[in-house]
Every structure is written in structure tokens, then in C-alpha cells.
Amino acid sequence: DVQAFRGTGKTKERAGIVETNKGALDTRLAMFKEAKKSIVISTFDIREGKSTDDTFAALLNAADRGVKVQVLVDGLYGMLHMNGKTVFQAAGSHKNLEIKFYNEPNFIKPWTINGRLHDKYVVVDGSLLLMGGRNMFDYFIGDDSRGSIGYDREVLLYSPNEGFEGNAIPQVLSYFHKLWDSSDCKTVFSGSSSGEKVETEIKYLSSRYEKIKKRIPERTDWTRKTVPVKKASFVTNPTHIGNKEPYMWYTMQQLMLTAKKDVTIQTPYAVFSGDMYQGMEELTSKVPNVEMLVNSTAAGDNFIASSDYTMNRPKVLKTGAKVYEFFGDHSCHGKSIAIDNDLSVIGSYNFDMRSTYLDTETMLVLEGEEFNRELRGHMDHLKSQSLKVNSDGTYVPKQGVEKKELSSSKKLIFKVSSVFIQLFRYLA
């Protein structure tokens with residue numbers, strides 16, 4: 001029911017966009033500092049680093065104040081990047097801070113490897129939500145001036161009427177606790193309460209927080225950071241670890257079909273199934289202007305997705321969407337849709353087969369013209385660093401944007417991998 005995504009504005013929710021990596025860390029730290037009751041975090045990937053030290057220093061400080069902290073991480077990436085790391089052992093040792101992994105793969109049952117937790121959001125005290133595409137480590141969060149970073153985007157939702165029945169944040173919390181309490185999630189690091197390394201790490205994080213809290217405002221005016229929206233709606237994929245009905249794709253497609261004039265899609269990757277190709281063709285036949293912004297293979301950081309795009313780029317162009325390839329100095333990881341001048345979507349869902357049929361995914365749909373203008377402004381900034389692709393695969397020249405060429409060796413690798421990858425492209 002696409003009309004269910006529109007409202008009267010009675011919920012009093014407000015939303016803003018967090019576009020920079022520095023802003024992403026600063027926003028989290030401000031949220032954690034103000035937390036009084038609860039902090040909920042769900043993410044695909046956390047790794048050691050400066051931003052992670054800042055994040056967990058703030059979380060441990062909140063736990064010391066009596067705040068209940070719950071952190072849910074994908075099991076495969078948790079095993080790869082968190083197991084054996086002292087910072088996570090120190091955090092998990094606190095009585096008020098619990099870390100769980102979703103679906104730790106059983107390699108004797110290889111089918112358990114594919115179902116991944118791809119959700120990325122933070123909720124504080126039931127009144128603040130940060131949702132988008134960012135994983136929680138230095139590549140996506142923290143100092144924007146470093147050499148290796150990824151561009152991303154999050155939506156900050158502020159709901160002064162905590163617990164209001166029509167608000168989106170209670171829906172997110174209900175979804176989180178359903179996952180948290182499921183048999184697919186297991187507590188980790190709870191046995192790390194002793195040991196010299198853990199004690200030393202706790203002291204380090206405590207002293208680190210004393211330093212970083214000086215740069216965190218005592219009180220953040222969340223109203224000034226946001227604009228009113230008429231309605232915010234929460235959309236998810238199924239949560240079991242097996243192959244999934246494409247709830248997210250179908251919902252996104254139906255919302256886009258309501259457009260009278262314009263749809264702009266930003267996705268890091270375009271890896272379509274037959275149904276998705278058909279859906280995009282239906283969209284372009286009904287909506288006058290459909291644009292899609294994706295990474296060029298020279299800018300992208302996902303080898304499998306870039307390999308598939310190398311092979312299937314002509315089929316993507318054939319859908320009739322106006323494709324723009326990003327040639328900026330870093331890869332774009334944001335996932336957003338702007339529909340006409342009043343509907344906006346931001347979250348974790350890529351326009352690829354893995355996000356459609358395998359992973360858990362979360363997106364926030366927002367109705368509001370002012371927010372839509374803000375989103376389109378950020379999209380236009382990225383589009384200004386992109387080249388439009390002609391139907392024959394050539395580029396429309398643009399002053400100030402240089403087409404980046406792959407090296408000869410990378411061209412050869414993609415030429416070979418693009419063929420091989422077709423055997424398991426549904427994993428891209």
C-alpha cells in the first residue's frame with residue numbers, strides 16, 4: 001500500500017542528512033553522550049581503528065552511567081574483524097554492554113555463509129535514529145582528510161514524541177529486538193571480564209574518553225540539525241538466514257512507480273536479476289525521467305560487483321535509465337532514492353542481488369519536500385563529479401570531470417573475472 005508511506009505530519013518527526021565521515025563520528029559521539037537509558041547499534045562490520053576506539057570509549061562511558069548498550073554485528077565479519085581484539089573484549093566485559101553476532105557461519109553447513117546482517121543503524125533512548133549505509137570503522141567514519149575513505153550517507157531521525165505509535169523509531173526498535181532475541185544471534189566476549197590486557201584496555205578507553213569528550217557538545221540542538229517530515233516509514237527484508245523474498249526491492253519499485261516526473265537512484269553497484277531488469281524497464285516506461293548514479297569501475301571498491309557490471313553494463317543501459325558513473329577521488333557507498341519532490345529513501349539496500357535476495361536490509365522512507373531538496377542537493381554534488389553514459393557505452397564529455405582509465409592489468413583482470421563471476425553473480 002504505497003499510500004501508507006504518506007502522512008499528515010502529526011507525528012512531529014524531523015530528519016536531517018549526515019553526509020561526511022567526520023559528521024558520522026561526531027553525531028554518534030553526541031548521541032552517546034546524551035544517552036540516558038539505552039543505546040542500540042546494528043552494523044555489518046566493525047574493525048579496529050581510531051574511530052572505533054572513540055566509539056567504544058563513549059559506549060563504555062555510557063555503560064558506566066547505567067545506560068544499557070546492545071551491539072549487534074554480522075557474524076561472518078565479526079569473526080573476521082572482532083574476534084581476539086582487545087577493544088571488543090574490554091567492551092563486552094562490561095555488565096551494561098552486550099555484543100552479539102548474527103549468524104556465525106557453520107562451515108560444515110556452507111549454506112549458512114550467505115545470509116548476512118547488512119543493517120546499519122543506531123538508536124538512542126527511543127528518540128534519535130541514525131540509519132544509512134556506513135559500516136563502523138575508519139574507512140567510513142572519522143577524519144575525512146585521510147587518504148583511504150569511502151563516501152557514504154545516513155539519515156538522522158529525531159522524534160521528540162518518544163514512543164508515539166505512528167513514529168518510525170519504535171518500529172526500528174521492535175525489529176531490532178526481534179533479531180536480538182532470535183536463535184540466530186549469540187552473545188560474544190562476555191567471558192572477557194578478566195585479564196591484564198582487558199583491564200589495560202578499559203583504562204585506555206576511559207582516558208581516551210576524557211580527551212575526546214571535550215570536543216563533544218554538552219547538549220546538541222537536534223531540532224536545528226533536522227527539518228520537519230510528514231512521515232517516516234521503516235522497511236526491511238526478512239530476517240532469517242536463508243534465501244529471502246525480495247521485500248525491499250518490491251517496495252522500492254512500487255514506491256518509484258508512484259513518481260509522476262522524476263526518480264533518482266544512487267547505488268554503489270547495479271547487479272540486477274531478471275526481475276530487477278524487468279522492474280527497471282517498467283519504471284522507465286512509466287516515469288519520464290529515471291536517473292541512476294553508480295560507481296565507475298575505476299572508482300568502485302567492490303571487485304565482484306565491478307566485474308559483473310563490466311559484463312552486464314549494456315543490459316543496465318538497455319533498461320532506459322539515464323546512467324551516471326562516478327569518477328570522484330573516492331568510492332561512493334551511499335544508497336538513496338529521491339522520488340519526485342517529496343519522497344526520499346536512505347538506508348543499507350544496494351541495487352544488487354545480494355541485497356535483494358540474501359541479506360537483511362533496512363531503509364527509511366521519508367515524506368517531505370524540504371528533506372527531499374537536501375537529499376537531491378547531495379546527489380547533484382556527486383553527479384557533478386560523474387559522466388553520463390550514452391546508450392552505446394561512451395560518455396558524454398563534461399568540463400571538469402576526467403574519465404579515469406583502468407590500468408592495462410586491471411582491464412585484463414576485469415575482462416576475465418566478468419565472465420567467471422557470472423557463475424555466482426547472485427552473491428554480488
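Guide: Begin with exposure. A residue is buried under 20% relative accessible area, exposed over 50%, and partly exposed in between (1.4 Å probe, protein chains only). The model is predicted, so local features need pLDDT of at least 70 and side-chain atom pairs pLDDT 80 or more, while totals for chains, interfaces and linings use all residues. Residues are numbered from 1 along each chain as its sequence is written, and side-chain values use heavy atoms, with hydrogens and water left out.

Visitor: Why does Lys213 count as partly exposed?

Guide: Its relative accessibility is 32%, so Lys213 counts as partly exposed. Glu210, at 39%, is also partly exposed.

Visitor: Which side chain does Lys213 meet in a salt bridge?

Guide: General idea: side chains of opposite charge can pair when their charged atoms come close. A salt bridge needs a side-chain nitrogen of Lys or Arg within 4 Å of a carboxyl oxygen of Asp or Glu. Here Lys213 meets Glu210, at 3.2 Å from N to O.

Visitor: How many salt bridges are there by this rule?

Guide: The count comes to 20. Take Arg376 and Asp262, whose side chains meet at 2.5 Å, N to O. Arg376 lies in helix H11 (residues 369-383) and Asp262 in strand E12 (residues 262-266), so this pair ties together parts that are 114 residues apart in sequence. The labels are DSSP runs numbered from the N terminus: helices (H or I, at least four residues) and strands (E, at least two).

Visitor: Are Arg376 and Asp262 buried or exposed?

Guide: Arg376 is buried, and so is Asp262.

Visitor: What separates Lys286 and Glu282 in helix H8?

Guide: About one helical turn, because Lys286 and Glu282 are four residues apart in helix H8 (residues 274-286). Their side chains meet in a salt bridge at 3.3 Å, N to O. Lys286 is exposed, with a relative accessible area of 54%. Glu282, at 30%, is partly exposed. Salt bridges can also share partners: Arg6, Asp342 and Glu367 are joined in this way into one network.

Visitor: Which residues lie nearest the centre of the largest cavity?

Guide: Of its 14 lining residues, these are Pro268, Tyr269, Asn295, Ser306 and Tyr309. Strand E13 (270-271), strand E14 (289-295) and helix H9 (303-318) each give two or more residues to this lining. H9 gives the most, three residues.

Visitor: How do the residues of that lining divide?

Guide: Into seven nonpolar, six polar and one charged. Ala, Val, Leu, Ile, Met, Phe, Trp, Tyr, Cys and Pro count as nonpolar; Asp, Glu, Lys and Arg as charged; the others, Gly among them, as polar.

Visitor: How much space lies in the second largest cavity?

Guide: About 40 Å³. Its lining includes Pro268, Asn295 and Phe326. E14 supplies the largest share, three residues. The lining has five nonpolar residues, five polar and no charged.

Visitor: And the pockets: what volume has the largest one?

Guide: About 640 Å³. It is lined by 26 residues, and Phe44, Tyr77, His118, Tyr269 and Asn302 lie nearest its centre. Helix H3 (75-81) and helix H10 (353-357) each supply at least two. Eleven lining residues are nonpolar, seven polar and eight charged.

Visitor: Which residues lie nearest the centre of the second largest pocket?

Guide: Thr297, Thr310, Arg313, Tyr395 and Leu406, out of 17 in the lining. H9 and helix H12 (408-420) are the elements giving two or more residues to it. This pocket holds about 320 Å³ of space. Its lining divides into six nonpolar, four polar and seven charged residues.

Notes. 1 Å grid on protein atoms, 1.4 Å probe; cavity = no way out; pocket = protein on both sides within 12 Å on 5 of 7 lines; lining within 4 Å. Points joined across faces, edges and corners; volume = space filled by probe spheres on them.
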